[in-house]
Amino acid sequence: MRQRILVSALGVGALAVAGLTVQAVSASGADAATPYTAGKHAARVCSAATAKHTASCNALKLVNPDGFTPATSTPPSTGLTPTGLRDAYKLNGLSAGGRTVAIVDAYGYPNLERDLGVYRSQFGLSACTTANGCLKVINQTGGTSLPRFNAGWAGEQALDVDAVSAAAPDAKIVVVQANSASFADLGTAVQTAAKQAGVVAISNSYGGGDASDATYGAYYNHPGIAVTASTGDNGYQGGSYPASSSYTTAVGGTSLVAASNSRGWSETVWSGAGSGCSTYNTALPGAASFSTGCSKRAMADVSAAADPGKGGMAIYYPTSKTASTWAQFGGTSEAAPIIAAVYALSGNTSGYANSFPYAHPGSLFDVTSGSNGSCPTSQWCNARTGWDGPTGLGTPNGAGAF
């Protein structure tokens, strides 16, 4: 069955890929008092990037057939919860030990702390506030004068902090807000994130076209810190930076559903998960024996839940500068912070962290079915045993591969 995705008119071209039927809706179709129906679909949260070397966030949210997300005081019953996420990836009993996950996104989100508090309280997680030292929000140079509000990117930030909270409830969180979605501003924010005390992982839930590490790699080159990046929500399309950087862990996406098997869950390729080969950057040494078919950097390395309808998280997010509500979010923007949180749970981020999964593939759930489009080399877009483009080596089975 082809998946129908509702996006703003700006995003139609970007999502018109194999396996995705796209219908345009008004970008102004915000929250309305229209009830959810059985015909929910996914809508892009951020506008598509229109300039070269500018990124878009990779978050999608479920909307009703009219393109609306109705305001609600309770989480959607179909959304993935912290309990479900930790069970699916066998993270129960693991601790971040006070380690910090940094989140890099563009623009401001004035009510981030308030909304994170609502999410964590709803699911019985301990408070994570600026007052108790768990949460820190800074601008791209480390200051406290924060960028202007942008509703789409603020929704992305809500997904990121909620995903880290769900996967690693005792991790500390630093949010670094870039002035814009340019590669230069986002990269500057990553450098600032790497300088923050206690940071062991940096999540980047955004991407643009393929780009060269010779130009932008210094932003993401931080040995000793796991730098994760979403591969994108457009299916097989080739490289997407910074996931196509040789310095990051490229995170693809799956459809995750409860199942009556020994694990209790089943995963297949999410048809929107990005994959491809960089035309610029060096292949990862650890990938050499996994038959990627790419002469240069192949993505993804690993993956996690990303399908908005099958494994999408229930999150509390802003609909305006002052108002927030519950919705169900997915996209590879969900997967990247989950993997960053698992690195924090492992505590093992010495050297280049993207090498660890290749050394321990047996500690991952291999995803062996599904496709994200058409491609000239089968494993770039079709799941198989071992490495494949949409899901990499697989999804977390505890933290042993990280």
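A disulfide is taken here as a pair of cysteine sulfur atoms within 2.5 Å. The model is predicted, with local features requiring pLDDT of at least 70 and side-chain atom pairs counted only at pLDDT 80 or more, while totals for chains, interfaces and linings use all residues. Residues are numbered from 1 along each chain as its sequence is written, and side-chain values use heavy atoms, with hydrogens and water left out.

**View 1. The disulfide of C128 and C134.** The sulfur atoms of C128 and C134 lie 1.9 Å apart, and the link is left-handed, with -85° about the S-S bond. C128 counts as buried because its relative accessibility is 3%, where buried means under 20% relative accessible area, exposed over 50% and partly exposed in between (1.4 Å probe, protein chains only). C134 is likewise buried, at a relative accessible area of 12%.

**View 2. The disulfide of C277 and C294.** C277 and C294 are joined with an S to S distance of 1.9 Å, and the torsion about their S-S bond is about -55°, so this disulfide is left-handed. The pair links distant parts of the chain, 17 residues apart, with C277 in strand β15 (residues 276-277) and C294 in the loop between β15 and β16 (298-299); helices (H or I, at least four residues) and strands (E, at least two) are DSSP runs, numbered from the N terminus. Both cysteines count as buried, C277 at 17% relative accessibility and C294 at 13%.

View 3. Two bridges pair β4 with strand β10 (residues 206-209), and G207 in β10 is the bridge partner of S56. A disulfide with an S to S distance of 2.0 Å joins C46 to C57, and this link is right-handed, with 105° about the S-S bond.

**View 4. Strand β11 and its parallel partners.** Five of the five residues of β11 (residues 226-230) are buried, with A226, T228 and S230 on one side and V227 and A229 on the other. Strand β9 (residues 199-204) pairs with β11 in the parallel sense over four bridges, and I202 stands opposite V227. Three bridges join β11 to strand β13 (residues 249-258), also in parallel, with S230 opposite V251.

Note on methods
Pairing = 2+ DSSP bridges.
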